[in-house]
Amino acid sequence: MTSKIKQQVITAGRVLAETGLIVRTWGNVSARVDDDTFCVTASGRNYMKLTEEEVIDVKISDLSWSGDFKPSSEMLMHREIYRVRPETKFIIHTHQKYASAMGCSGVSDPDKGIVISEYGVSGSRQLAVNVAKAADKTSGKAIIMKNHGVVTFGRSYKEAFRAAMDLEEKCRILIQKMGVTEECRKEKPYLDDYAMLIGSGDIPDEDREAARLLTVKNAVAAAVAKQYGAAPLDEKNVEYLRKKYIESYSKLENA
């Protein structure tokens, strides 16, 4: 049974990469194994080459794990969702373009399925707490994390993935109605992944295509935020995220 569940996680990771809901290794996937355990993708692994050994069993009670690969830094967020939404069997964390950009508005609209949690730095306890609070207050299956990305959940892989795709279409329509156009235009960092890869400096040569995609997404996010009077990421957070990326994620397997 565990092998079958891990294969579902691997399949979901591939689909996320193929559909453009993530860039590079950002994002993560998990599935409930039983009442006490969930399995989650390892940190910084290539989703197109993922193996069962890179899908790590984690205890819900204390986040303990074992093996050669470190679980995603967002495992605490996954654990908190399994706790507050016990019916959940599958969780997908994406960095999809339109919903992530919409999150920079900071304004929820539950009637339209737009639920935005307060900001927390990537991988932090605060991020997990904020997402859990939002998930506990809605009957929906999608939470947009302000200045970060999206997490969707459901009773199955298909349900969680459908929630991500439905949310992206809603946000695409809303953003297009604002008159926002897509340009590869440099702006201050409004999104965590842009801050990590590019920060406040120049676009790096080592991953030009990923940088281009993130630059377009960040420009859309900036346009949305400005319409709502929302600010970019704090400079201290940008410096922290860029340093974290250089010291950790950029050295992991991305090829």
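Helices (H or I, at least four residues) and strands (E, at least two) are DSSP runs, numbered from the N terminus. This is a predicted model: local features need pLDDT of at least 70, side-chain atom pairs count only at pLDDT 80 or more, and totals for chains, interfaces and linings use all residues. Residues are numbered from 1 along each chain as its sequence is written, and side-chain values use heavy atoms, with hydrogens and water left out.

**View 1. Lys236 on helix H8.** Lys236 sits in helix H8. Its relative accessibility is 67%, so Lys236 counts as exposed (buried means under 20% relative accessible area, exposed over 50%, partly exposed in between; 1.4 Å probe, protein chains only).

**View 2. The open sheet.** Seven strands build an open sheet of mixed pairing, in the order E3-E2-E1-E4-E7-E6-E5. Two strands pair if DSSP finds at least two bridges between them. E3 and strand E5 (116–117) are the edge strands, each pairing on one side only. Strand E1 (residues 28–34) runs antiparallel to strand E4 (residues 90–94), over four bridges. Val29 has Ile92 of E4 as its bridge partner. E5 and E6 pair in the parallel sense, over two bridges. There, Ile116 has Ile144 of E6 as its bridge partner. On E6, Ala142 and Ile144 point one way, Ile143 and Met145 the other, and all are buried.

**View 3. The surroundings of Leu167.** Which residues does Leu167 contact, leaving aside neighbours within four places in sequence? They are Gln96, Ala99, Gly113, Ile114, Ala142, Ile144 and Val150 (contact means heavy atoms within 4.5 Å).

**View 4. Glu74, buried without a salt bridge.** Glu74 is in the loop between strand E3 (55–59) and helix H2 (75–84). Glu74 is buried yet has no salt bridge; Lys244, the nearest side chain of opposite charge, is 6.4 Å away. Lys and Arg count as positive and Asp and Glu as negative; His and the chain ends are not counted. A salt bridge is a side-chain nitrogen of Lys or Arg within 4 Å of a carboxyl oxygen of Asp or Glu. Not counting residues up to four places away in sequence, Glu74 touches Asn28, His93, Ser122, Gly123, Leu127 and His148.

**View 5. Salt bridges.** The structure holds 12 salt bridges. Asp57 forms one with Lys6, the closest N and O atoms being 3.9 Å apart. Asp57 lies in strand E3 and Lys6 in helix H1 (residues 2–18), so the pair ties together parts 51 residues apart in sequence. Asp57 is partly exposed, at 32%; Lys6 is buried, at 12%. Elsewhere, salt bridges link Glu183, Arg185, Glu187 and Lys226 in a network. Within it, Arg185 meets Glu183 at 3.4 Å, N to O, and Glu187 at 2.9 Å.
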